[in-house]
Amino acid sequence: MSSCLALVNYFLVKLFGRLNMKVLILACLLTCATGQPVFPRLPTSVLLKGGPFLATGEKIVGGTEAVPYEFPWQISLQRRAAIGWSHNCGGSVYNENYIIDAAHCVDGTFPSSWRIAAGEHSLSLTSGYEQYRNVLSIRVHGNYNQNTFANDIALLKMDQPLSFATGKVGPISLPISGSILKAGTSCIVSGWGTTAYSGTVSDVLRKVALPVVSNSDCDAMYGIGSILPSMMCAGFVAGGADSCQGDSGGPLVMLNPNILVGVVSWGNGCAYPGYPGVYTRVSSFVNWIKTNAV
């Protein structure tokens with residue numbers, strides 16, 4: 001354990017900065033303790049309009065390109081870079097003023113570090129439907145725990161309201177408070193990034209359908225006590241399809257009607273057999289969202 005932390009401390013501040021160092025130290029602690037590479041699904045940088053950035057993370061595995069504007073609630077959370085902005089996480093439009101995201105994407109950062117890009121499909125091409133908003137304030141859940149990923153949810157308030165007039169940008173509905181989806185229910189997760197662990201970047205929004213895995217089964221796979229009631233899992237026991245790094249904060253949605261059931265949070269690798277992706281269970285936070293997104 002100590003040798004693992006020493007290596008992280010020596011190299012990563014120089015290479016990745018303080019926020020990523022914290023994330024990678026956490027990953028090291030979990031890896032040293034369990035022997036498995038468990039990571040929050042953060043972050044990636046991709047080619048954006050106005051400048052090239054190196055992709056350092058992963059995303060939707062085993063999926064297909066989304067139809068442009070198929071998911072009008074999907075946003076790209078972009079971090080200020082030396083030149084321009086770089087994609088860091090996903091997120092979901094709750095209403096014209098607020099974005100639902102993962103706490104681990106923004107915890108310990110300043111609002112001025114971020115902008116919201118709604119109406120995106122290709123991160124490198126301009127369609128004219130994009131809407132960019134600065135982040136005015138960040139509210140991380142008060143009981144967020146960076147060691148267990150408990151309460152991994154945050155709200156981002158934008159400096160100006162989004163417009164829903166074009167139909168390319170729109171809100172996603174919340175589930176019934178306390179509701180739990182049955183195992184096997186099909187949901188869709190979407191995001192930008194690479195298409196395999198340590199793979200190549202996808203410039204366009206991608207999606208993949210995943211079945212819900214019961215918390216009891218998921219907890220048995222990850223180790224008893226790993227999956228909290230406010231979390232949920234989705235994926236295939238055989239692997240091959242999953243969300244991944246760079247999808248953090250993005251939506252897991254049950255379609256028809258469209259309901260945000262999960263927020264991309266963490267997992268062991270990406271699309272590994274026996275390790276479904278782990279999501280923040282949105283139904284556990286409906287009252288918190290409604291109370292704070294006003």
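Beyond its neighbours within four places in sequence, Ile116 is in contact (heavy atoms within 4.5 Å) with Ile75, Ser76, Leu77, Ile99, Gln131, Tyr132, Arg133, Val135, Leu156 and Met158. The model is predicted, so that local features need pLDDT of at least 70 and side-chain atom pairs count only at pLDDT 80 or more, while totals for chains, interfaces and linings use all residues. Residues are numbered from 1 along each chain as its sequence is written, and side-chain values use heavy atoms, with hydrogens and water left out.

Of its 40 residues, Leu77, Ile100, Ile116 and Ile289 touch the most other members. Elements that each supply at least two residues include strands S3 (75-80) and S7 (114-118) and helix H4 (286-292); helices (H or I, at least four residues) and strands (E, at least two) are DSSP runs numbered from the N terminus. The largest share, four residues, comes from S9.

Turning to the sheet, seven strands form an open, antiparallel arrangement in the order S4-S3-S7-S8-S9-S6-S5, where pairing requires at least two DSSP bridges between two strands. S4 (85-89) and S5 (92-93) are the edge strands. Five bridges join S8 (residues 131-140) to antiparallel S9, and Val135 has Met158 in S9 as its bridge partner.

Technical notes. Core = buried A, V, L, I, M, F, W, Y, C linked by side-chain atoms within 4.5 Å. Buried < 20%, exposed > 50% of the residue type's maximum accessible area, 1.4 Å probe, protein only.
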